Structures are given as structure tokens and as C-alpha cells.
Amino acid sequence: MKVSYDWLKSMVELPEDPSELSREFIRTGTEVEAIETVGESFDHIVTAKVLSKEAHPDSDHLWVTMVDVGANNVDAEGNPEPLQIVCGAQNFNEGDRIVTAMIGAELPGDIKIKKGKLRGVVSMGMNCSARELGLSADHEGIMILPENAPIGMPFAQYVGTSDTVLDCEITPNRADCLSMIGIAREVGAIYDRDFHVDLPAVAAESGAPTAETVLVELIDEGLCDRYVARVVRDVKVGPSPEWLVQRLNSCGIRTHNNVVDITNYVMMLTGQPLHAFDLSAFEEKGGKRTVAVRAAREGEVFRTLDDVERTLSAGMGLIATGEAGATPVALAGVMGGMAGATPVALAGVMGGMESEVTDATVDVLVESACFNAGRTSHTSRDLALISDAPSASSVRSTRPGAWMLPTSPAPSSSSLPAARLPRVAWTSIPRPSSSLPSACAFPACTSCAAPRSSPLSSRRRLRVSAAPSRPRGRGMRACSRLCPPRSAPTSPVRSI
């Protein structure tokens, strides 16, 4: 797991030297494979200004641009000299502030910028899109900066991406550390310090409750302990704000759009995977969108988000949509799926092409669930689909729904679009169970075994003390001041 030092520093007091924390991690059993500096990949990449834009003499779609990079490029006499760059993007004009990779820069994907010619015209660099910089999947055009952006500033300095990242190897017995909250708790325990988590409050809810809009059914036994869904309406899909992009990039996650990025952010923060679906991908029956968790049939074919058709094995978990209440189909050795239920995602692993959130998406269904960790892991390995979600799914400590923040996952930003949040999340639990997921991230905390209301409902800033090094009592243990011990249950009275 990649741990952003700047992000961690906002949650708990840290030593100034990251290598000191690295030594403490190693001493307490968490191996640190490397200490990296994010932003080194932006070497020779600067902010710039387009001085001129002319049509290429031998092309109907290329432009010859003169780009001012400030003092970063000079002529033989030491004077600033604009760069001539051939560019194929169409979304910029003279006077725009952009990002330029000069000769010697190395971009993600092992792309090295060299002096070259494009159809006979010399090009001395590249005007970059967000995708070419590894910041997002946006490749519609080059990256346009605000009008007041400086000229010639190193891009890493401009976006503030200079961050130290600890590449930690989390062992299987420490799945509680597969999140920034878990790492902050670990640091608090090492140094005997409290840590805090800034959580936003939902500003307002309106419209019909999600339970009146969505019907969730857990069809096959053993696939999912609990499934929580929530609808968010009138979403404006677009690029994420810079602070969100920076934090995800530091953790090694490429950004896509604000909706997908929010789900990844919550997963990295809490360890609880979320998934966002285009609500229109779910069939509507009786005025409700139908969502079903079922097992795949042997040989069933499903197209995942990476646009690859995959042949599934019996028992793999699927999120599907179809006629609610349909009779399950029997499978050899496994309780089967819903007849006519079309798959839209591999449960806990990867979504599907048909339910992907795109620029055209208006209403979103956000999923937070506790899928069977063994099934999810086997599905991921058997299909060679390795992502952060299957690993995070093994953490059964975060109660689904408690961290569901589909509108604003961190400090508010004007870049985040407004959305309408209907009242009440829809929960589906197959049966009463004494092993319900805990409301806190300390697995041994019996005080947290019973579900509680979300911390968002009562406070904006949650302060948590470090987990104790020893249990507070045999059989009844509490993780911190946040979780006071409950009274011991009384024995049932036997009738005579």
C-alpha cells in the first residue's frame, strides 16, 4: 500500500523525517519497501503560455505553436527563447496557459521527449494532456490552466504534487492497515498520539427515499453479508478537483472523473470499497430499479470495465439486474443466479461496461457492501483482475454505509458539482447474524459489534485515540474512548 506522507500528516502528528517513521514501521512489523518522492516524474515539465498557433503547412489537423516557457529555455546568449512545438490538440488558443514537457522529460508509459520532426516541422517538446501526465483519463485535449497561472514554473511545484510516499507491504494479518485511517491509527499507537479524521456532513437530503426507488435482493447464500445502496441524482460528471487528484496519484491510483474518484478516495481513506453505477443501467420493474447479488453460471460471459469479455466460473459473485423475485436457477454445487438477471458488475472486483459512469450519467447508484472475501479473492485471481478492491474487501471492520459519502468525501470544494441526495440508504441483510461487520476498525473491539448510527449524523470532526496495546478485560474489550464498554449480556432465564 502506498501511503501519502502529506495526507497522513493531516491526520496525525508525524516526525519531520519520513525515514524515521519508516524505521518505526519496520520495528513494529510493517515492511517499508521504498520511500519515493512524487513529482520527480515531472522533471523538465513546466507551465507555459501559447504565444502563437498556426496551421501546419502539410497537415489538416496539426498546429505549429510557439510556447513561452519562461527562463527554462534560453538561446545562445542566455535570453529566454520560446519553444516551437507541433501539437495535434484542438482545444486551445493563443494566450492560453498550458503544461509543456521539454526535451529530456519522461512521461508515464516510458515516453521520453526528444527533439523531432512532425511532417517536416521541428518540434522541441510536447504540449501535454492530463492523461499524458498520468493525472487522469482525460485525453480530449491538452491541459488548460487558469489565466493567472505563472509561466515557466516547474509543474510539480505548481500543482503541489511534491509528496513523500511510503510503499508499505501489508501482511495478511494486518488488513486493518489497508487504509489511511488504519495507518493513522497504527502511527498513533506507535507514538502514543491521538489521530483525527475530517469527515464531511451531508448538507441536505431531498426526494423519495432510496428504498422506494431501488429493490435490492441477495439471491445466493454466502456471497454477501450486507449490501447498502444509495441513489444520488442530478450528478454533473466532470474532472476532480486538484486536491483529490493529488491524493489519489500519491497512492498510485489514476483518476477518471469526480464520481469514480470519490469512490476510490473513500476506499483509500477507510478501507471500504465503494462502486458507482449509472442508475439507468438497472432495469425498472414496478417503479423500482432492481439490483441483485447472485452467483455466476458456468461459462457465463461478462464484459468488464477494461472492455474485455471474460468467461466466468460457477459461483463467482455478480451484481445483476432483472426481474425482481425471479426463481433462482440451480447450479452444480452452488446455489444459482436469478433467471433473466443481466450482470452489471463482478462483485467486489470490477464493474461492467454497461453500467459505467460516463459524462452522460445523470443519476448514480452507490454501492457499499461486505462481499465474501474468499469468493472475491478467487474471482480476482482466476480472472487475473488485480485491483485494490479485492484486498480492501478482506477488511470486515468498516460497517457498510457508515462511510458512504457520495456527494463530498472530504473538505468541500467549489470544483465538486452539486447533486441531490434522496433520503435514507437502502440496506439488504440476508438474515440476522452475530457476525455483523463492526462499526470500528479494531477487529477485537466487542463494544462495536452492534451497528451504530453513522458518525456523520452527529459530528463533522471525529477524534479517535490510539488503540490500546492490551485488552481492557477478558471477553469485553474496547478500542478507545470512542467505544465505551457495554454491559455484559445476561444469561437467558430457563423455564421450569
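**Entry 1: Asp 163**

I looked up Asp 163 and found that this residue is buried yet has no salt bridge. The nearest side chain of opposite charge belongs to Lys 9, 7.3 Å away. A salt bridge would need a nitrogen within 4 Å of a carboxyl oxygen. I note that the model is predicted.

I then asked where Asp 163 sits, and found it in strand β13, which covers residues 163-169.

Next I checked which polar contacts the side chain of Asp 163 makes. One, of 2.5 Å, joins it to the side chain of Ser 4. Another, at 3.2 Å, is made with the side chain of Ser 250.

I also listed the contacts of Asp 163, leaving aside neighbours within four places in sequence. They are Ser 4, Tyr 5, Asp 6, Glu 36, Thr 37, Val 38 and Ser 250.

**Entry 2: Lys 2 and its partners**

The side chains of Glu 36 and Lys 2 meet in a salt bridge, with N to O at 3.5 Å. Glu 36 lies in strand β2 (residues 31-38) and Lys 2 in strand β1 (residues 2-4), so the pair links distant parts of the chain, 34 residues apart. I recorded a relative accessible area of 31% for Glu 36, which is partly exposed. Lys 2, at 25%, also counts as partly exposed.

Lys 2 forms a salt bridge with Asp 167 as well, at 3.7 Å, N to O. Asp 167 lies in strand β13 and Lys 2 in strand β1, so this pair ties together parts that are 165 residues apart in sequence. Asp 167 is buried, with a relative accessible area of 16%.

**Entry 3: Glu 186 and Arg 174**

I looked up a further salt bridge, between Glu 186 and Arg 174, whose closest N and O atoms are 2.7 Å apart. Glu 186 is in helix α4 (residues 180-191), while Arg 174 is in the loop between β13 and α4, 12 residues apart. Glu 186 is buried at 12% relative accessible area, whereas Arg 174 is partly exposed at 22%.

**Entry 4: Whole protein**

How many salt bridges does the whole structure hold? My search found 13.

I counted 8 helices and 27 strands in the protein. Of its 496 residues, 49% count as buried. The accessible surface comes to about 23500 Å², and 50% of it belongs to carbon and sulfur atoms. Among contacts with a separation of 6 or more, 72% are between residues 24 or more positions apart.

Note on methods:
Residues are numbered from 1 along each chain as its sequence is written. This is a predicted model: local features need pLDDT of at least 70, side-chain atom pairs count only at pLDDT 80 or more; totals for chains, interfaces and linings use all residues. Side-chain values use heavy atoms; hydrogens and water are left out. Helices (H or I, at least four residues) and strands (E, at least two) are DSSP runs, numbered from the N terminus. Buried means under 20% relative accessible area, exposed over 50%, partly exposed in between (1.4 Å probe, protein chains only). Lys and Arg count as positive and Asp and Glu as negative; His and the chain ends are not counted. A polar contact is a pair of N or O atoms within 3.5 Å; within protein, one must be able to donate a hydrogen and the other to accept it, and residues adjacent in sequence count only if both atoms are side-chain atoms. Contact means heavy atoms within 4.5 Å. Accessible areas come from the Shrake-Rupley method with a 1.4 Å probe; for residues, only the protein chains shown count as cover.
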